[in-house]
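Colleague: Could you take me through this model by way of a few questions, so that I can follow along in the viewer?

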Amino acid sequence: MPHDLAPMDLSDATSAELADRAAALNAAYRNHSAFAVMSRAMDDPSVGTVALVSSFGAESVVLLHMLSVMDRRRPVLFLETGMLFRETLDYQRDLAERFGLTDLRLIRPDDAALAAVDPDGTLNTRDTDACCAVRKVRPLEQALAPFDAWITGRKRFQSGTRAALEFFEPDGARLKINPLACWTPEDVRDYMDNNRLPRHPLVAKGFPSIGCAPCTTAVAPGEDPRAGRWRGKTKEECGIHFVNGRMVRGPAPKADETMGETIVAKDIVAEDRGVEAPAPELAADAPAAPVIARDDGFSAEDWHAPFDALADLTEAGAAAVDVPSDADPAALAGRLDAARIIRVDFPSFSDGRGFTIARRLREMGYTGRLRARGVIADQYAMARRSGFDEVEVAPQLAARQPEDQWLARAQWRANDYQARLRG
Ligand code: SF4
């Protein structure tokens with residue numbers, strides 16, 4: 001089918017229909033090569049309109065080359081986060097010219113959103129999830145809106161979370177196509193060698209996986225190829241392969257459910273700008289007081305003594321203490337044993353200083369109860385990895401993000417990439 005032949009109208013597919021379609025496509029394409037999956041899927045009416053999303057990273061040249069052989073007029077989306085290496089931008093221009101790609105679309109973060117949450121370009125140092133959300137996830141969501149499916153270069157060998165990767169998977173409101181799912185590192189290398197394809201210039205400098213400059217380091221021989229991504233942090237994925245913070249493996253949420261999460265995020269951004277977000281009406285069964293979120297869900301507050309200011313904590317006696325986000329944890333040195341519970345404040349969604357405070361307190365030997373206040377469900381996994389035991393959830397937030405949304409993030413250990421590496 002020529003690529004400009006109108007595909008079926010797939011825009012109203014439900015999540016169940018998408019899952020069924022992905023399963024049928026996986027069955028039909030089971031024995032196909034990567035090239036065949038990609039070329040046939042692009043003209044398959046049950047797939048619909050397709051775009052290739054490319055990072056122009058270490059292995060991106062494979063799919064870009066395949067696409068140029070099939071039809072160089074196909075749309076290619078390139079996320080220019082504003083944080084990429086100069087070498088990546090040069091490589092992108094070189095490949096686009098070499099392959100004659102005629103529909104390359106540079107996708108950039110929204111200026112207003114950046115001004116609201118990352119005005120000085122340092123959000124990645126405080127909160128990588130929020131930074132990826134504003135620089136990658138949301139721009140890509142918008143860029144993908146006209147398409148029914150997108151092609152990625154993900155492969156099973158890349159990490160444990162990709163070990164069961166299929167050619168087709170439901171991804172929110174559309175399909176995701178992974179033609180290289182079954183390829184090994186040797187397959188990638190052979191394809192590049194056989195087709196004499198140019199390597200990303202940073203590969204020779206020890207970068208087998210390349211993302212944004214502030215979040216990518218070289219890896220040592222023998223290290224996992226993705227160990228240089230967000231090194232020292234527990235983050236493993238940028239979020240563009242997740243829906244609502246979770247990897248999509250089975251039936252995906254319906255489009256409007258996904259948008260529901262986006263609306264919540266907008267509310268939070270509004271709060272972050274100092275603009276008052278409209279308060280949702282509290283349901284009859286919504287909590288009237290803060291609840292405590294832990295790995296097993298919500299529970300009622302069980303600490304009934306007052307919290308003291310940091311300055312009031314003495315070496316004598318058990319106490320609860322409030323720690324503001326701009327506190328220096330060193331101020332608690334020598335007094336940590338006196339604190340049975342420490343509550344760290346997060347004044348806004350994009351202020352990640354509390355995570356650093358938690359890590360420092362644990363490094364200093366604090367073994368008592370550590371609570372975060374002001375954290376949203378999307379940040380629960382990060383809070384737990386940082387050393388928090390629990391999150392205090394205000395009634396309004398609990399109404400917007402009820403218990404099931406927090407429980408969905410409670411499997412935070414399963415995605416703890418750095419912990420698995422250490423193990
Ligand atoms: S990879 Fe780093 S710099 Fe790039 S969007 Fe994510 S956190 Fe920000």
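This is a predicted model: local features need pLDDT of at least 70, side-chain atom pairs count only at pLDDT 80 or more; totals for chains, interfaces and linings use all residues.

Colleague: What percentage of the residues in the chain is buried?

Modeller: The chain holds 14 helices and 15 strands, where helices (H or I, at least four residues) and strands (E, at least two) are DSSP runs numbered from the N terminus. A residue is buried if 20 or more other C-beta atoms, placed from the backbone, lie within 10 Å of its own, exposed if 12 or fewer do, and partly exposed in between. Of the 423 residues in the chain, the buried share is 39%.

Colleague: Which residue in β4 is the bridge partner of Ala51?

Modeller: β1 (residues 50-54) and β4 (residues 149-151) run parallel and are joined by three bridges. In β4, the partner of Ala51 is Trp150.

Colleague: Why do the buried residues of α2 count as lying on the same side of the helix?

Modeller: In α2 (residues 34-41) the buried residues are Ala34, Val37, Met38 and Ala41. The arc they cover, taken from the directions from the helix axis to the C-beta atoms, puts them on the same side of α2 because it is only 90°. Among the elements that cover these buried residues are β1, α3, β4 and, finally, β6 (174-177), and the arc that answers your question is 90°.

Colleague: Which strands stand at the edges of the seven-stranded sheet?

Modeller: This second open sheet has mixed pairing and the order β10-β9-β15-β14-β13-β12-β11. Within it, β12 and β13 run parallel through five bridges, with Ala319 opposite Ala339, and five bridges also join β13 to β14 in parallel, where Ile342 stands opposite Leu370. The strands that pair on one side only are β10 (297-300) and β11 (308-309).

Colleague: Which elements do the buried residues of α10 pack against?

Modeller: In α10 (residues 353-363), the buried residues are Gly354, Phe355, Ile357, Ala358 and Leu361, and their arc of only 160° around the axis puts them on the same side of α10. Contact here means that the C-beta atoms of two residues, placed from the backbone, lie within 7 Å. The buried residues of α10 pack against β12 (319-323), β13 (339-345), β14 (369-373) and α11 (380-386).

Colleague: Which helix gives the largest share of the shell around the ligand?

Modeller: A residue is near a molecule if its C-beta atom, placed from the backbone, lies within 6 Å of it, and 13 residues surround the ligand, the closest being Cys131, Cys132, Arg135, Cys212 and Cys215. The shell divides into seven nonpolar, four polar and two charged residues, with Ala, Val, Leu, Ile, Met, Phe, Trp, Tyr, Cys and Pro counted as nonpolar, Asp, Glu, Lys and Arg as charged, and the others, Gly among them, as polar. The largest share, five residues, comes from helix α7 (residues 128-144).

Colleague: How many C-beta neighbours does Gly206 have inside 10 Å?

Modeller: Gly206 is found in the loop between α8 (185-194) and β7 (242-243). Leaving aside neighbours within four places in sequence, Gly206 is in contact with Ala218 and Val219. Gly206 counts as partly exposed because its number of C-beta neighbours inside 10 Å is 13.

Definitions and conventions
Residues are numbered from 1 along each chain as its sequence is written. Two strands pair if DSSP finds at least two bridges between them.
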